[in-house]
Amino acid sequence: MSLQFQKRNSGQIVLPGEPLGVIEEFVPDTGTYVKDGTIYSKVVGRALIDFLNKRVSVFPLVHGARAPKVGSIVVGQVSSVQSQMATVRIFKIGKKLLSGFFTGVLHVSDVHLRFVESMFDVCKPSDVLRAKVISEKNRTYHLTTKDKSLGVVYAFCSHCGGMLQQRGRSGLQCPRCGKSEKRKTAIDYGKGII
Amino acid sequence: MSQKTEKLIDKKGLRLDGRKSDELRPIKIEVGALSNADGSAYIEQGKNKILAAVYGPRELHPKHMALPDRMVLRCRYHMAPFSVQERKSPAPSRREIELSKVIREAVEPAIFVEYYPRTAIDVFVEVLQADGSTRCTSITAASLALADAGIPMRDLVVACSAGKIEDMIVLDLMDIEDKVGSADVPVAFMPNLGVITLLQMDGILTHEEFEKAVNLAIEGCKKIYTLQKEALRAKYVSVKEVEE
Ligand SMILES: [Zn+2]
């Protein structure tokens, strides 16, 4: 290899493929990879060199590209509802808005800790809901809303399309036509946080 | 077009645009030129003007094309109808389909494809103005756009061409040199790992000439790499770390 090692300082911006050190010197941590004993950066980020623990990592400067993983909190729009399950178009993973979308599935048994009879009491098409990924079996992202912070965060009236407002604990009402609807809402429903 | 029989290299050893044999065309690179894409880059190399955009990782449709253990990299190289002297039909030509494959295979070794199973990454390369060696310029831009999208990569990929015109090995061919000259060797290179990811040869070269052309192209790649790094750094110098 013709390229020379440069002495790197913590906080310096590094690019994919830039050498950070050798494995005899440091333990490679997040944002790095090892090839032939040399530690390289694999993202654009700031190099963090911990001389005390002999660790080197790269803190990403870009909201990293990501796909849903088990445990990630996602936000999506309900695209279809059947009595047993709903399909969700995920457009946000963690804090990252996606340019495309992923499809997730929410089953009635994963909505609440208690028994839920029908998916129609949980969400309707075009609602925006926050959920957690619990499994990626069979090439599908299975979601759950079994938490106070998870559930519908935006819902629209199935009669006139107006935005529903919270009435009581789980009741929603349309301010335009007065229709009452049922949803599994998140604790911060209607606060504009997605 | 009438084929002019002018000399490609003058008595002083300079080429038509006044370059020496081992000189690159002037290069200007901008990272993050498009706000809608996850990552993008714009590059001007001489009269070449190329825009690259990256979208993804995202869900793959139709779903049966998805791979269970890795992501699919899709690449589309397209020349704008106004990019060449005679209007080019916007429909993908044979050449564009081939170049899409060439670019994909040149950047793929740099990407950790196994990190995002069942997803796709789309790379769109749009040639706004073409003046020879567009495949090389496209690869340089595409790898920058991928890095800008935050996709984990082993290294950046740089590409540069060398060729033979009038018995001389020269760097970075432009359109007329490519057409009139006798050989063209595009090389894509990962500068930190020292790996060649694309090597083609169009024309006839002797063994020694070929070796010389490859080495010259790699030297060119290293020069472009410093510009690539500068451009990528320039975008992020002002950016603070992202909070998780
Ligand atoms: Zn209403």
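Which residue of β3(B) does G39(B) stand opposite? V54(B). Hold that pair in mind.

First, the ground rules. This is a predicted model, where local features need pLDDT of at least 70, side-chain atom pairs count only at pLDDT 80 or more, and totals for chains, interfaces and linings use all residues. Residues are numbered from 1 along each chain as its sequence is written, with chains lettered from A and ligands numbered from 1 in the order in which they are written.

Chain B, then. Strands here are DSSP runs of E, at least two residues, numbered from the N terminus. Two of them pair if DSSP finds at least two bridges between them. β2 (residues 39-45) and β3 (residues 48-59) of chain B run antiparallel, paired over seven bridges. They belong to an open sheet of five strands in chain B, order β1-β2-β3-β5-β4, with mixed pairing. At the edges sit β1 (27-31) and β4 (72-79) of chain B, each pairing on one side only.

Over to chain A. L20(A) lies in strand β2 (residues 19-22) of chain A. L20(A) is buried, because 25 other C-beta atoms fall within 10 Å; the cut-off for buried is 20 or more, with C-beta atoms placed from the backbone. S57(A) is 37 residues away along the chain, yet its C-alpha atom is 8.9 Å from that of L20(A).

Last, the contact between chains. Chain A brings 30 residues and chain B 34; contact means C-beta atoms, placed from the backbone, within 7 Å. On the chain A side, β4 (32-35), β7 (55-60) and β10 (96-107) each supply at least two residues. β10(A) gives the most, six residues.

Notes. Helix = DSSP H or I, 4+ residues; strand = E, 2+ residues; numbered from the N terminus. Buried ≥ 20, exposed ≤ 12 C-beta atoms within 10 Å, placed from the backbone. Contact = placed C-beta atoms within 7 Å.
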